[in-house]
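We will go from stop to stop, selecting a few residues each time.

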Amino acid sequence: MKRLALPFAKTLKNFHPLKQYFFQNRWPLAIGLLSLLLVDFLQLLIPLVIKSAINLLTAQNPTVQILFQKGLTIFGIALLIALFRYIWRHLILGHSRKVEQNLRNRLFSHVQTLSPSFYQRTKTGDLMARAINDINAIRMATGIGLVALTDGTVLGVAAIGFMLSINVKLTLISLIPAPIIVIFTKIITRRLASGFESVQRTFSDLTERVREAFAGIRVIKAYGRESWEYDKIEEQGRHYVSVNMNLAKSLALFFPMMAIFTNLGLAIVIWLGGRLTILGDMTTGDFVAFISYLNLLTWPMMAMGWVTNLVQRGSASMRRINQILEEVPEIRDEDDAPSEDFYQIKGKIEIRALSYKYPGQNTNALKDLRLRIDPGETVALVGRVGSGKSTLLNAIPRLLDVPPASVFADDIDIREIPLKTLRGNIGFVTQETFLFSDTIRNNVVFGREGISDDELKSVLQTADIFEDVCTLDKGLETRLGERGMTLSGGQRQRLTIARAIVNSPPILILDDALSMVDTRTEERILSRILELRQNRTNLIVSHRASTIIRADRIFVLDQGELVEEGTHDELMDKGGLYTTLYKEQLIFQELEMGAM
Ligand code: ADP
Ligand code: MG
């Protein structure tokens with residue numbers, strides 16, 4: 001008993017975070033459940049009316065009028081059942097939709113607080129599954145599951161009660177197939193659920209395949225691989241049919257098998273109950289009422305089997321959702337951090353003995369790094385691939401979980417600056433451009449308020465993308481992405497630069513942000529940016545000599561260590577790593593321009 005009770009308690013405990021939603025909805029929920037009980041009560045009345053009608057028919061001389069009355073009563077009951085059923089469906093299923101919505105919002109707003117490392121550990125597909133399938137399972141458990149549980153219990157207990165009051169022995173015998181029905185339903189509904197899931201999964205695989213085939217059509221054609229691609233789709237399609245057939249088989253099995261078991265009960269009652277009636281131990285009315293109750297019992301028996309599955313699945317889904325809700329963002333405001341008042345940073349950056357190791361790596365990506373950048377300075381970071389440039393740049397807006405007292409902005413430990421303030425003061429552009437399926441305007445403004453069209457125009461000009469935008473029919477309102485305009489890599493980079501400089505942040509970080517534009521354009525954009533941002537801090541990673549040379553100071557990194565610093569001329573005179581990189585053409589010189 002104890003072993004059974006434990007998992008059950010655990011099953012329910014997973015639903016704990018939903019308590020508040022049940023409480024918020026308590027009145028609609030209570031009225032819904034009351035209506036559900038009323039429907040049950042009314043359903044149980046019907047056999048009683050049938051019984052009295054039949055007893056009238058068999059005993060006295062029935063009059064048409066009395067039968068009409070009985071008929072009217074049944075019709076009245078049916079109307080009331082319809083009314084109350086409408087009410088409970090509306091209120092209880094509505095409640096489950098609200099639970100679904102609240103939980104989804106809570107999950108999404110929580111997931112947005114989590115640190116980049118969480119997204120490195122967690123697959124996007126996994127998150128999608130939780131946001132869609134798991135929340136769906138929870139909705140089922142809290143809606144129709146709750147209904148089936150209440151309804152099944154009340155209707156089942158009451159029907160059995162009435163049957164017992166008619167004839168105890170007959171009741172016990174007619175209930176022999178009941179456990180079989182419960183267990184069989186449980187097995188089949190579980191099979192159906194998993195069958196349904198694999199149908200969905202296979203369908204999304206198929207969709208993804210087809211989508212990819214369309215998206216990659218140029219590559220497929222260029223290599224002449226049409227038939228190879230066709231075979232793959234054909235194969236996926238065949239698989240989809242076969243999982244559907246499996247599901248159809250389980251479904252096809254369910255109702256006929258149910259009919260066999262329920263009719264077995266009926267057969268027993270007709271045979272034994274009929275005998276009792278002939279012998280006069282039971283009235284004809286009781287006999288018919290008994291059969292009606294047995295009929296009513298079919299649903300509660302199936303409900304019991306089904307509901308345990310719904311609740312178990314819902315509980316497993318809740319457990320997975322809870323796991324995410326319990327994730328604590330590694331990077332968050334300290335408990336004693338000042339309130340979220342937004343203040344402007346002047347732009348001084350200091351790194352004091354920063355060592356950083358990525359989770360799960362053996363070596364440090366940054367080793368005891370120390371450097372200082374004054375407000376208004378433009379510095380370039382130089383180093384081979386993997387030398388730690390991006391890691392260092394990511395540390396400044398705290399996209400990495402840096403140790404205390406290692407990174408300072410305006411002499412304040414960045415861990416003590418509210419994240420919103422810190423990141424609001426930094427414009428950050430990386431190599432990877434991300435544009436949303438939205439208009440150009442929204443991609444650049446990005447929800448920030450108080451940005452006039454003139455300002456927007458001016459940042460687009462600075463990023464050298466204004467003319468490109470002007471050639472588009474809808475200009476700033478042109479939609480990008482899947483259902484919109486496709487931009488070239490260079491255009492995308494220029495738009496993301498515009499996004500970063502829109503509110504003239506005190507600190508601008510460009511991590512290889514112009515790799516896809518040509519050298520001359522890079523130079524043009526950079527000149528404009530530097531001119532506009534004369535007293536603001538700029539940190540730039542670039543592979544082009546023309547860009548690097550313009551920096552006030554150059555930091556040279558090697559294997560996570562700062563090995564040299566100075567101006568271009570100073571470093572060239574020194575003849576160290578910088579000179580080597582320059583000679584090895586790892587810093588691109590004017591070649592590109594010569595080639596054009
Ligand atoms: P750079 O930008 O100079 O090319 P990075 O800062 O990207 O160098 O990388 C520095 C080191 O850290 C490299 O050895 C790289 O493999 C490692 N590294 C970078 N990002 C990650 C990550 N997310 N997880 C684990 N190791 C990483
Ligand atoms: Mg990098």
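How many Å separate a nitrogen atom of ligand 1 from an N or O atom in the side chain of Y358? Select both and check: the separation is 3.4 Å.

Before moving on, some ground rules. This is a predicted model, in which local features need pLDDT of at least 70 and side-chain atom pairs count only at pLDDT 80 or more, while totals for chains, interfaces and linings use all residues. Residues are numbered from 1 along each chain as its sequence is written, chains are lettered from A and ligands numbered from 1 in the order in which they are written, and side-chain values use heavy atoms, with hydrogens and water left out.

**Stop 1: ligand 1**

Stay with the ligand and look at its oxygen atoms. One oxygen atom is 2.7 Å from an N or O atom in the side chain of S390. An oxygen atom of ligand 1 also lies 3.2 Å from a polar backbone atom of S387. Taken alone, ligand 1 exposes 550 Å², and the protein buries 65% of that; these areas come from the Shrake-Rupley method with a 1.4 Å probe, and for residues only the protein chains shown count as cover.

Now select the shell, meaning residues with a heavy atom within 4 Å of the ligand. Around ligand 1 you will find Q120, Y358, Q361, A365, R384, V385, G386, S387, G388, K389, S390 and T391. Colour them by type and you get 3 nonpolar, 7 polar and 2 charged residues. In this scheme Ala, Val, Leu, Ile, Met, Phe, Trp, Tyr, Cys and Pro are nonpolar, Asp, Glu, Lys and Arg are charged, and the others, Gly among them, are polar. Which helix gives the most to this shell? It is α12 (residues 389–395), with 3 residues. Helices (H or I, at least four residues) and strands (E, at least two) are DSSP runs, numbered from the N terminus.

**Stop 2: the four-stranded sheet**

Next, show the strands as cartoon. An open sheet of 4 strands runs in the order β2-β1-β4-β5, with antiparallel pairing; two strands pair if DSSP finds at least two bridges between them. Why does one side of β2 and of β5 lack a neighbour in the sheet? Both β2 (366–373) and β5 (412–413) stand at the edges with a single partner strand each, so one side of each is left without a neighbour there.

Select β1 (residues 349–356) together with β4 (residues 407–409): they pair in the antiparallel sense over 3 bridges. One bridge to pick out joins I349 to its partner A409 in β4.

While you are in β1, click on A353. Although A353 is not a glycine, its phi is positive, about 50 degrees. A353 counts as partly exposed, at 34% relative accessibility. For these labels, buried means under 20% relative accessible area, exposed over 50%, and partly exposed in between (1.4 Å probe, protein chains only).

Then go to D410, in the loop between β4 and β5. D410 also has a positive phi of about 50 degrees and is not a glycine.

**Stop 3: K348**

Select K348, in the loop between α11 (284–326) and β1. Is K348 buried or exposed? With 16% relative accessibility, K348 counts as buried. Its side chain is joined to that of D411 by a polar contact of 3.0 Å. A polar contact is a pair of N or O atoms within 3.5 Å; within protein, one must be able to donate a hydrogen and the other to accept it, and residues adjacent in sequence count only if both atoms are side-chain atoms. Beyond four places in sequence, the contacts of K348 (heavy atoms within 4.5 Å) include R372, D374, F408 and D410.

**Stop 4: E522**

Jump to helix α18 (residues 519–532), where E522 sits. E522 is buried, at a relative accessible area of 3%. Draw the distance from its side chain to that of T547, and you will see a polar contact of 2.6 Å.

**Stop 5: the β9–β10 hairpin**

Finally, select β9 (residues 553–558) and β10 (residues 561–566), which pair in the antiparallel sense over 5 bridges. I554 has G566 in β10 as its bridge partner. Between the strands of this hairpin are 2 residues, and Q559 takes a positive phi near 45 degrees.

End on E565, in strand β10. A polar contact of 2.6 Å joins its side chain to that of R553.
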